[in-house]
Amino acid sequence: MNETGNEKTDQAATQRTRSTRVQRIEGRTVSNAISQADERTIAIHQPNYLPWIGYFHKIHRSDVFVFLDDVEYTSQSWINRNKIKTPDGWTWLTVPVRGSDGPIEEMDIASDVWRDAHRKSLQQNYGKAACFDEFADLFEETYAQSWDSLCELNVHLTRMIADRIGLECQFVRSSELDVTATNAERIVRLCDELDADRYLSGTGARSYLDRARFETRDISLEYQSVSHPRYEQRFDGFVPKLSIVDALMNVGSDGTNDLFDSMTDP
């Protein structure tokens with residue numbers, strides 16, 4: 001067989017390998033549409049509570065987003081709280097958690113009192129926002145439910161918001177994948193398990209990710225570098241790095257997608 005024939009055979013074998021692996025994962029979360037992509041971008045992050053717009057920008061840039069749910073929980077972090085704007089500046093919305101040790105996926109919510117408090121806080125501070133009605137039902141339905149698991153709550157909200165604003169990304173939990181490595185090597189192996197062509201990382205990982213480890217698996221490493229977009233907020237002044245709730249309520253789905261497009265990437 002000539003060289004061209006060999007190349008075609010190798011490409012076909014690679015595609016079969018990728019299809020087999022993705023079909024195995026697909027039974028859980030990854031779709032055929034993603035498996036057919038010429039290049040697959042993967043992003044990985046802990047499941048945070050109502051994350052900021054930069055978190056969703058990463059989802060916007062990705063084909064597959066991995067919730068890193070089987071790593072150690074960090075107390076009083078973005079995993080169980082986030083910020084919204086009020087007439088007096090920003091304030092926390094915090095989900096109370098029982099205990100402080102263990103994997104994120106095992107962290108239990110301590111009580112139900114927070115649900116009504118968060119619902120009322122969104123109503124009081126965003127009830128007169130331009131796009132409140134576009135998202136009111138999403139939060140009403142979420143806060144009407146009783147939640148035992150912090151991870152389940154965070155994944156639910158992130159997926160519902162992503163779907164509502166039209167982000168075409170598939171979601172996977174790291175706990176669903178057979179990857180047992182730790183630290184930076186775990187990120188590389190998660191990408192390899194999902195047949196990533198590109199890993200989109202936050203800039204905070206520059207200090208510990210080794211580009212060579214990705215390159216040995218033919219995965220390019222790209223760092224997300226964004227400038228925070230400005231938009232019309234309620235109350236005086238502009239407060240950056242709030243929960244995405246702020247952008248949703250003020251500029252809506254279309255406006256939020258316009259903000260994603262305005263955020264700079266190298």
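The report below goes from the whole chain to the sheet, the helices on it, and selected sites.

## Basis and overall make-up

This is a predicted model, in which local features need pLDDT of at least 70 and side-chain atom pairs count only at pLDDT 80 or more, while totals for chains, interfaces and linings use all residues. Residues are numbered from 1 along each chain as its sequence is written, and side-chain values use heavy atoms, with hydrogens and water left out.

The secondary structure comes to nine helices and nine strands, taken as DSSP runs numbered from the N terminus (helices H or I, at least four residues; strands E, at least two). Of the 266 residues in the protein, 50% are buried, where buried means under 20% relative accessible area, exposed over 50%, and partly exposed in between (1.4 Å probe, protein chains only). Among contacts with a separation of 6 or more, 65% are accounted for by residues 24 or more positions apart, a contact being heavy atoms within 4.5 Å.

## The five-stranded sheet

An open sheet of five strands, with parallel pairing, has the order β7-β2-β1-β8-β9; two strands pair if DSSP finds at least two bridges between them. At the edges are β7 (170-173) and β9 (220-224), each of which pairs on one side only. The twist averages 30° from one strand to the next, with axes fitted to C-alpha atoms (for helices over the stretch in contact) and angles running from 0 to 180 degrees between N-to-C directions.

Strand β1 is joined to the parallel strand β2 (residues 64-67) by four bridges, and His45 stands opposite Phe67 in β2. With β8, strand β1 pairs in the parallel sense over three bridges, and there Ala43 stands opposite Leu200 in β8. Strand β8 is in turn joined to β9, also in parallel, by five bridges, with Arg198 opposite Ser220 in β9. Four of the five residues of β8 are buried, so that this strand is mostly covered.

Helix α7 (residues 183-193) touches β1 and β8, and its direction makes about 140° with that of β1. Helix α3 touches β1, β2, β7, β8 (198-202) and β9, and its direction makes about 155° with that of β1.

## Two loop residues

Pro51 has its place in the loop between β1 (41-45) and α3 (53-61), and counts as buried because its relative accessibility is 2%. Leaving aside neighbours within four places in sequence, Pro51 is in contact with Phe56, Asn82, Thr158, Ser243 and Ile244. Pro51 and Ile79 are 28 residues apart in sequence and 8.5 Å apart in space, C-alpha to C-alpha.

Gly237 lies in the loop between β9 and α9 (244-262) and counts as exposed because its relative accessibility is 54%. Its C-alpha is 8.9 Å from that of Gly89, although Gly237 and Gly89 are 148 residues apart in sequence.

## Surface

The accessible surface of the protein comes to about 13000 Å², of which 43% belongs to carbon and sulfur atoms; the areas come from the Shrake-Rupley method with a 1.4 Å probe, and for residues only the protein chains shown count as cover. Trp92, found in strand β4 (residues 89-94), counts as partly exposed because its relative accessibility is 30%.
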